[in-house]
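Biologist: Could you take me through this model and tell me what lies behind the words you use for it? I would like to hear the criteria as well as the conclusions.

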Amino acid sequence: MTATAEVFGARSWLFAPGDSAKKMAKATASAADIVLIDLEDAVAEAEKPAARAAVRDFLAAQADGYERLWVRVNPLDGPHTLADLAAVMPGRPGGIMLPKANGRGDVERLDHYLSAFEAAHGIDIGATKVIVLVTETAAAMFRTGDYAGAPRLVALTWGAEDLADALGASANRNDDGGYGFTYELARSLCLLGAAAAGVAAIETIQGDFRDLDGLRTRAEKVRRDGYRGMLAIHPAQVEVINAAFVPSTGEIAAAKRIVDLFAANPGVGTIADVGGMLDRPHLARAQALLRQAGVGD
């Protein structure tokens, strides 16, 4: 990961429907690193104008901390995006989630819109960051590697439900409850795209918010794979996600041992170890893990 993703470092991204002031307030009071106020899927078509007004008023009422309040707007290929931005940008949200993106061009288009609204409302140009949902359409799956250098971009995430709709699938999970091949591919392409772009990869939601043990297992696995955070749909999921995206004491100890071994043998490329040979990629991963845990250089 580049410094951009390392510095950003948000683990938990909690959705809150934009048509419920109560739920927006509850999400804001949680320990979520980012609160994602939703104007897209959580809001029925007929209620979108009222939801925009509610989000505008909610953001305007925040005395501080609005940097962690982000907004998921509606897709660029629909009729709502500009109206969404016109309503929420005076409240200076910390960032925008762009759904159903079809490639880098959509981020560049969003950047132009955001720059105009920032200029109109006295916000520093470029201050509003962007996370992009990159696997919600069939075409988008082929463009997950296109985001390097995209303006404002700090993270990529993926989604399985809209992708299933786009494919005409009746289900996106296998009989054992795990995602089917196409959706695991989406997860992998998101991770690869984020690494190629030098931004953070953020895991998609777990729909069963009561299954905290399953959430912990999944979050810990995707962190080991390279993900740096996870979307949440309920405040109960936040603490589990925050804890899961911090390396364990055992992982930290193992990483320190690798770093110490190479420090004691400067200039070598490989070192024999109990489990086999260690080489420079092992050292790089150990150093990255220590930085993630806040104990590295």
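Modeller: Gladly, and let me start with a term: a residue is buried under 20% relative accessible area, exposed over 50% and partly exposed in between, using a 1.4 Å probe and protein chains only. Helices (H or I, at least four residues) and strands (E, at least two) are DSSP runs, numbered from the N terminus. This is a predicted model, where local features need pLDDT of at least 70 and side-chain atom pairs count only at pLDDT 80 or more, while totals for chains, interfaces and linings use all residues. Residues are numbered from 1 along each chain as its sequence is written, and side-chain values use heavy atoms, with hydrogens and water left out.

Biologist: Which residues of helix α4 are buried, and what makes them line one face of the helix?

Modeller: In α4 (residues 81-88) the buried ones are Thr81, Asp84, Leu85, Ala87 and Val88. The arc is taken from the directions that lead from the helix axis to the C-beta atoms. For the buried residues of α4 these fall within an arc of 165 degrees, so they line one face. As a general point, an α-helix has 3.6 residues a turn, so residues three or four places apart point the same way.

Biologist: What covers the buried residues of α4?

Modeller: The cover includes α3, β3, β4 (95-98) and α5 (104-120), with contact meaning heavy atoms within 4.5 Å. Between the two helices, Arg52, Val55, Arg56 and Leu59 in α3 meet Ala83, Asp84, Ala87 and Val88 in α4.

Biologist: How do you know whether α3 is roughly parallel or roughly antiparallel to α4?

Modeller: Axes are lines fitted to C-alpha atoms, for helices over the stretch in contact, and angles run from 0 to 180 degrees between N-to-C directions. Angles under 35 degrees count as roughly parallel, over 145 as roughly antiparallel, 65 to 115 as roughly perpendicular and the rest as oblique. The axes of α3 and α4 come within 8 Å and cross at roughly 25 degrees. That makes the two helices roughly parallel.

Biologist: And where does α3 lie relative to β2 and β3?

Modeller: Helix α3 (residues 48-60) lies across both strands and runs at about 170 degrees to β3. Strands β2 (residues 34-38) and β3 (residues 69-72) run parallel and are joined by 4 bridges; two strands pair if DSSP finds at least two bridges between them. Asp38 stands opposite Arg72 in β3. The sheet is a closed barrel of 8 strands with parallel pairing, in the order β1-β2-β3-β4-β5-β6-β7-β8. Its neighbouring strands are turned by 25 degrees against each other on average, direction ignored.

Biologist: Why is Met230 called buried?

Modeller: Its relative accessible area is 0%, so Met230 is buried. Met230 lies in strand β8 (residues 229-232), and its C-alpha atom is separated by 6.2 Å from that of Trp13, 217 residues apart along the chain.

Biologist: Why does Arg223 count as buried?

Modeller: Because its relative accessibility is 6%, Arg223 counts as buried. Arg223 lies in helix α9 (residues 212-225). Not counting residues up to four places away in sequence, its contacts include Phe245, Pro247 and Glu251.

Biologist: What is the phi of Arg92, and why is Arg92 called partly exposed?

Modeller: Arg92 has a positive phi of about 55 degrees although it is not a glycine. In general, most residues other than glycine have a negative phi. Arg92 is found in the loop between α4 and β4, and its relative accessible area of 33% makes Arg92 partly exposed.
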